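Me: Can you walk me through the packing in this one? I'd like cut-offs along with the answers.

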Amino acid sequence: MKDLLSASALALIFMAAPANAETINILVEGGGEMLQKAVAEKFTAETGVEVKFTVVPYQGVFDKFSAEIASGSSAFDVVTIDVVWNAKFAGHVEDLSPLFTDAVRKDLPPALLADSQVGGKMIGMPAWANAEIVFYRKDLFEKPEEQKAFREKYGYPLAPPKTWQQWRDMAKFFTRDTDGDGKTDFWGTDTIGTFSEEWMAHVLQAGSPGVILDKDGKVIIDNEAHKKALEFYIAPRCTDQSVPANVNEIGWGEAQNLFYQGKTAMMKFWAHAYKMTPADSKVSGKVGVAPMLAGDAGIAAIPGPWYNVVPSTSQHKDLAKKFIAFAIANNALGIEAPLGLAATNSAYRSYSGKPGYEHFTPLLETLSAPATQGRPMNEKYQEIVDEAVLPAVQQALACKADVGKVLADARETIEDILD
């Protein structure tokens, strides 16, 4: 409560200065508008300043902001950007360090705070954040006959998985032929082959000091933790056959659909999906949630935060900063939006224990875990992923290549990109 009062006081201080504009314009993608709409309405009610949103598709935020930077002028006072763009835009936004009071810093998960800083300045304030957690079928995990059979086979109780080994054991246990035609039609889980973030989370769980690059920008994709994590990541497909065979065709949407359609017993997925489980899905009312898996370094995930930044070309910088201060002080208002996300610890805690928000406790535990950290802050990050990281993961998932060599080759590609 003390932190919330301190944050609110910060917002009031910023609003005390006279406004020099009646409107501020925010560039954002669709889901982000909904997450910030309530706070914008409250800001207008308390200040008289209108907040207008320009809503574009995901890639449109990057493209439109890049075009404005190139033109040297901006129609926007605030831009809400994906963390993967922080390094790219760092040189074109205002330093928001004065907004990061002790109270604000204490109220943010460490990984989100770390990703706010690029090149020695605080380039953006977290607006909301997400992370993968474990989803599982409560109805299956709580069946006495399943519990009995699992204990007899593996020697320990059937419960939400916490470790890599438990994940593999439970995925194998639930993979089965349910209609007796000799073909597997229900899997323990899935493996995502069209994105690399899930594997990166395992890299952090294995104890790597970073993913792909270390804090000094040195390529570490072939260190022991990356290798160990990749071996674990491909094992359900290559060794256990506890996932669908078409792994390199499975992305976030496909994984989500498999779970909703009652085809998998578990998935690692972004926490917001819990609240958005379709009422007519086969798993509605049957979904349990737990923190992300733990490796030798404990629980870890790659967060998915978005940041509010102020373009250096904004005509209303002071008012934009007032809005951002107000937004972080009232961060919990976004929770009632369809995606139901926030950034601060206090916002998530204020909903913990409420029916329908059971995912907040494991999400906050995952976001705040010591080993959780963001992607490398490098302008060439997306190129590195597209040209080296994802191809390496997909090659390993083909189950024919040596993991060590795959990662060594990826290292060479990354070094060429960085040169």
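This is a predicted model: local features need pLDDT of at least 70, side-chain atom pairs count only at pLDDT 80 or more; totals for chains, interfaces and linings use all residues.

Me: Is H202 buried or exposed?
Reply: H202 sits in helix α10 (residues 197-205); helices are DSSP runs of H or I, at least four residues, numbered from the N terminus. Not counting residues up to four places away in sequence, H202 touches W164, A229, F232, Y233, K268, M292 and L293. Buried means under 20% relative accessible area. With a value of 0%, H202 is therefore buried.

Me: Are helices α9 and α11 roughly parallel or roughly antiparallel?
Reply: The axes of α9 (residues 164-174) and α11 (residues 224-238) come within 11 Å and cross at roughly 15 degrees. Axes are lines fitted to C-alpha atoms over the stretch in contact, with angles from 0 to 180 degrees between N-to-C directions. Angles under 35 degrees count as roughly parallel, so α9 and α11 are roughly parallel.

Me: Which residues of α11 do W164, W167 and R168 in α9 meet?
Reply: On the α9 side you have W164, W167 and R168. Their partners in α11 are K228, A229, F232 and A235.

Me: Which residues does F323 contact?
Reply: F323 is among those with the most contacts inside the largest nonpolar core, which has 141 residues. Such a core is a set of buried Ala, Val, Leu, Ile, Met, Phe, Trp, Tyr and Cys residues joined through side-chain atoms within 4.5 Å. Leaving aside neighbours within four places in sequence, F323 contacts I24, I26, Q36, V39, A40, F43, V51 and V78.

Methods:
Residues are numbered from 1 along each chain as its sequence is written. Side-chain values use heavy atoms; hydrogens and water are left out. Helices (H or I, at least four residues) and strands (E, at least two) are DSSP runs, numbered from the N terminus. Angles under 35 degrees count as roughly parallel, over 145 as roughly antiparallel, 65 to 115 as roughly perpendicular and the rest as oblique. Contact means heavy atoms within 4.5 Å. Buried means under 20% relative accessible area, exposed over 50%, partly exposed in between (1.4 Å probe, protein chains only).
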